[in-house]
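Look at the chain as a whole before turning to its parts.

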Amino acid sequence: MDNFYGLHEIQSDHRDFVGEPAFYLSQLLHQGHPVLPGFVVTDQLFWEFLETINWLEPRFVDFPELSLYFDINQPRQLQIIAQHLCQQMMDSHLPPSSSQPIQDSIDKLKTSALIFYPSLNTPHHLKTSGLFDSVIGWAHTQKALVGLKQAYCEFFRAKSLLYWQRYKIELQNLRPVVLVQPLQSAIASGFVEIRPNCWEINSTWGLEFSLLWGESHADIYLIQPQTGMIQQQKLGSKTIIYNLKSAPDQSTKYPISQKQFGIKNPQLPIHATWISEHQQGFSLNRENLQKLINIIQKIIQFNPAITRLDWRLLQQPQDREPQFYIVGAKCAKIPLSSPSIKSDYSTHQQHFQGLALASGKSKGTAYILTETQPIPSQLPENTVLVVPAITWNYLPLLKQTVAIVAEKGGMTSHGAIVARELGIPAVCGIMNATIKIKTGESIFVDGNYGEVYVIKPEHLVDQRVLKWSFQEQKPIKIPTYINSTPLMVNISQSSSIQRLHSLPLPIDGVGLFRSELIALEILKRSEYPTINSWISQEIGDKSYDFNKWILHQKQQKFIQEMAELIDQMAKILSPRPVYYRALDLREIEQSVSGFNYFYPLVDYRESQNRKLSSENSINRGTFPVSDSPSLERLVLFDLEIKILLKVYELGDKNIHLILPFIRSVEEFTIYKNRIEASQLSHYPEFQVWIMAEVPSILFLLPDYLKAGVQGISIGTNDLTQLLFGIDRNQMQVFPGLYESNPAFKKAIKQLIEIAKTANIPCSICGDAPALYPELIEDLVRWGITSISVNLDAIESTYMAIAKSEKQISLETSRHHL
């Protein structure tokens with residue numbers, strides 16, 4: 001066995017003596033991936049070096065054959081032992097025979113500086129990640145030998161000695177190896193964490209040391225593994241750039257925080273500079289980010305066990321354009337591509353990867369429903385529903401399922417929202433799921449990672465696969481203090497009302513009561529003689545006949561059942577407020593009979609000639625039909641007024657109204673006039689808000705306030721799709737990017753500031769704060785009145801609010817010092 005191996009020289013049977021870091025890189029290099037060259041120094045040279053040392057202290061005479069004893073409860077003693085060991089190693093010479101091979105290996109790298117990565121070629125159960133620091137130095141032979149000895153000292157630093165003694169590891173059993181790579185100035189660098197449902201790319205300007213030493217916060221890009229599309233990106237707080245000196249005597253203006261044993265920091269080959277104003281943006285532009293994603297995809301395709309890749313973006317002399325190079329790789333301790341497991345997996349367990357919509361894990365029997373099939377009134381027990389998309393047609397069925405799988409969908413679709421509220425695992429984005437999965441097959445759905453397994457009847461789920469992929473979520477520790485920013489919940493299911501009794505945290509009310517989803521439950525209990533008890537035979541298998549509630553003989557049933565549910569919730573929460581959102585039927589589309597009547601597309605000239613129905617006494621004023629609610633919609637709204645009035649008559653004075661999707665001040669005025677004509681106006685506690693979800697509100701909010709709006713609730717789901725022209729019900733090309741887009745944030749901030757100036761409340765009830773909690777600190781800074789989230793996000797949102805308020809308070813205190 002030789003002492004030195006180039007990465008290109010390492011073969012598959014060399015793993016036992018070159019160490020895993022070098023072995024993984026060599027495998028990637030052989031596969032044709034862009035790996036930074038380097039060489040590895042085996043443990044054979046390490047032991048040859050120790051044998052040449054003339055130990056001066058008596059306690060080290062038999063080192064390392066005899067164990068080194070010290071009292072772990074005396075850290076000072078431990079520090080002294082470690083310092084003396086390292087000092088004697090630095091004062092000793094490496095075997096003379098090593099000088100020329102090292103110089104030959106360095107010459108092949110054609111570099112002026114080196115980085116040394118110490119590691120152990122140890123059994124898998126030894127977890128040494130983070131135990132050793134890398135070492136940097138110049139590439140001249142003598143300085144390279146110093147760098148190698150510094151790397152060896154990492155095995156005998158105080159923390160390393162403590163580790164060896166605590167885990168009863170004999171020093172003579174250590175097998176230290178050192179990976180050596182060229183160190184060059186980088187345009188950007190970082191690492192990517194590989195997880196089943198997400199790749200997290202961390203990036204900074206220059207070399208990666210500002211991240212390793214905790215001096216900067218990385219730019220973060222979340223990537224959807226199956227599509228390679230960007231789910232989210234967050235700008236980091238980057239303050240300092242490290243890069244290579246042009247010469248050893250180049251002065252550095254700013255001190256380097258990291259220390260290396262036996263060398264003064266000014267002698268290090270790197271220098272630090274503060275980040276200039278033009279570099280405050282993202283360290284990877286869209287083109288470079290896509291290049292990196294493509295490299296990751298190719299690597300993971302044939303190396304699924306990889307859990308982390310370290311990279312640098314370099315401008316090499318031989319390259320016309322900057323190129324990415326992989327400088328490190330880590331793999332799962334038990335490779336996922338292990339032949340025995342992979343064979344069993346592919347034979348007995350069909351696997352699909354999609355987008356996680358709702359967390360949780362469940363196993364059940366597949367039930368396929370396509371658009372051409374009638375919807376059953378009752379599903380079998382333990383059903384996993386597999387559908388093209390989670391549309392309104394299927395929402396009443398969700399309570400009968402243990403999980404749901406869809407070919408299409410989005411994080412903020414109503415189906416995803418309901419699944420999260422019900423606690424049902426949900427996964428979307430599995431192409432042709434209704435074809436690939438058969439009714440009656442056994443299905444395992446992991447909503448945490450977006451994975452679906454189809455298991456053949458004679459085989460159980462491989463427990464090793466479950467252990468790797470399906471990680472249990474850790475409980476969140478709740479702070480003992482109370483937040484200043486009120487936290488409310490969104491409710492869309494009657495079953496969620498009872499859960500208000502047993503929430504893990506006290507909430508400040510219901511910020512959004514989605515009435516149309518509750519109304520669907522009442523429609524399910526329809527007395528119509530139908531094929532399915534909740535679908536009108538007269539309309540067809542896929543339609544909900546909301547129009548039937550307009551019929552005089554049906555109105556009282558609708559009012560009574562809705563009022564009972566709201567009364568129940570209001571009494572549980574009293575005196576905390578409940579904000580009832582009026583029926584929002586836009587997205588039901590063909591699932592609602594008479595959809596065109598609710599939101600008509602009527603020619604203006606035709607609207608001028610249309611006569612209003614005197615039977616219902618509906619007065620639109622002078623507004624054209626196309627710019628105002630339909631007759632049927634206003635009749636339904638009149639019923640909702642009667643529902644709220646009945647609730648107030650039952651003594652519930654904490655109910656307020658939010659009007660959805662208001663497109664103009666004139667439209668708001670129509671609804672307001674109908675409220676004022678009712679007895680609800682007799683109750684001074686009653687408030688009328690509007691959803692801030694149509695972008696025109698950014699320009700018209702002052703006019704809405706003059707017209708009588710008493711509060712606004714920002715609906716981020718619709719506001720996002722309307723601002724950027726996307727579909728909330730589909731997997732977006734760049735999901736999450738929009739919520740961090742400056743235009744989106746400016747819109748939210750503007751609404752909050754106008755509301756503050758007008759002294760009216762401004763809440764936020766969309767999914768953005770729960771799905772992208774980094775937005776919460778901005779909301780708190782801007783002065784949001786309250787934040788309302790789904791039941792599944794209460795704890796995480798509470799923690800994010802607490803963290804934000806603490807950070808803001810700390811900044812305020814420092815400012816006044």
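Strands, like helices, are runs assigned by DSSP; a strand has at least two residues, and the numbering starts from the N terminus. Ser-203 has its place in strand E7 by this assignment. The model is a predicted one. The protein chain as a whole comes to 26 helices and 29 strands.

The protein chain has 817 residues, and buried residues make up 57% of them. Its accessible surface is about 36400 Å², with 52% belonging to carbon and sulfur atoms. Take the contacts between residues at least 6 apart in sequence: 69% of these join residues at least 24 apart.

Begin with an open sheet of 5 strands. Read across, its order is E1-E2-E5-E3-E4, and the pairing is antiparallel. Strand E1 (4-6) and strand E4 (135-138) are the edge strands, each pairing on one side only. From one strand to the next, the twist averages 25°. Inside this sheet, strand E3 (residues 113-120) and strand E5 (residues 176-182) run antiparallel and are joined by 7 bridges. Leu-114 has Pro-182 in E5 standing opposite. Helix H3 (residues 43-52) lies across E1, strand E2 (39-41) and E5, and runs at about 115° to E5.

Another open sheet has 6 strands. The order here is E9-E8-E7-E6-E12-E13, again with antiparallel pairing. Which strands stand at the edges? They are strand E9 (229-234) and strand E13 (323-331); each has a single partner strand, so one side of each is left without a neighbour in the sheet. Neighbouring strands of this sheet are turned against each other by 20° on average, direction ignored.

Consider how E13 is held in this sheet. Strand E12 (residues 306-314) pairs with E13 in the antiparallel sense, over 8 bridges. H9 lies across strand E6 (188-194), strand E7 (199-205), strand E8 (219-224), E9, E12 and E13, and it runs at about 135° to E7.

Return now to Ser-203, in strand E7. Is Ser-203 buried or exposed? A residue counts as buried when its relative accessible area is under 20%. Ser-203 has 0% relative accessibility, so it counts as buried. Beyond its neighbours within four places in sequence, Ser-203 is in contact with several residues, among them Ala-188, Ser-189, Gly-190, Tyr-221 and Trp-311. Lys-238 is also one of its contacts. Ser-203 and Lys-238 are 35 residues apart along the chain, and their C-alpha atoms are separated by 9.7 Å.

Charged side chains come next. Side chains of opposite charge can pair when their charged atoms come close. How many salt bridges does a search of the whole structure find? The search finds 21 salt bridges. One of them joins Arg-312 and Glu-208, whose closest N and O atoms are 3.0 Å apart. This pair links distant parts of the chain: Arg-312 is in strand E12, Glu-208 is in the loop between E7 and helix H8 (209-212), and the two are 104 residues apart. Both Arg-312 and Glu-208 are buried.

Glu-20 forms a salt bridge with Arg-15, the closest N and O atoms being 3.2 Å apart. Glu-20 counts as buried because its relative accessibility is 18%, while Arg-15, at 25%, counts as partly exposed. Arg-663 and Glu-667 also meet through their side chains in a salt bridge, 3.4 Å from N to O. Here Arg-663 is partly exposed at 34% relative accessibility, and Glu-667 is buried at 3%. Salt bridges can also be linked: Glu-193, Arg-308 and Asp-310 form a network of them.

Last come the cysteines. A disulfide requires a pair of cysteine sulfur atoms within 2.5 Å. By this rule, the count is 0 disulfides. Cys-428 is buried, with a relative accessible area of 0%, and Cys-762 is buried too, with 1%.

Definitions and conventions: Residues are numbered from 1 along each chain as its sequence is written. This is a predicted model: local features need pLDDT of at least 70, side-chain atom pairs count only at pLDDT 80 or more; totals for chains, interfaces and linings use all residues. Side-chain values use heavy atoms; hydrogens and water are left out. Buried means under 20% relative accessible area, exposed over 50%, partly exposed in between (1.4 Å probe, protein chains only). Two strands pair if DSSP finds at least two bridges between them. Helices (H or I, at least four residues) and strands (E, at least two) are DSSP runs, numbered from the N terminus. Axes are lines fitted to C-alpha atoms, for helices over the stretch in contact, and angles run from 0 to 180 degrees between N-to-C directions. Contact means heavy atoms within 4.5 Å. A salt bridge is a side-chain nitrogen of Lys or Arg within 4 Å of a carboxyl oxygen of Asp or Glu. Accessible areas come from the Shrake-Rupley method with a 1.4 Å probe; for residues, only the protein chains shown count as cover.
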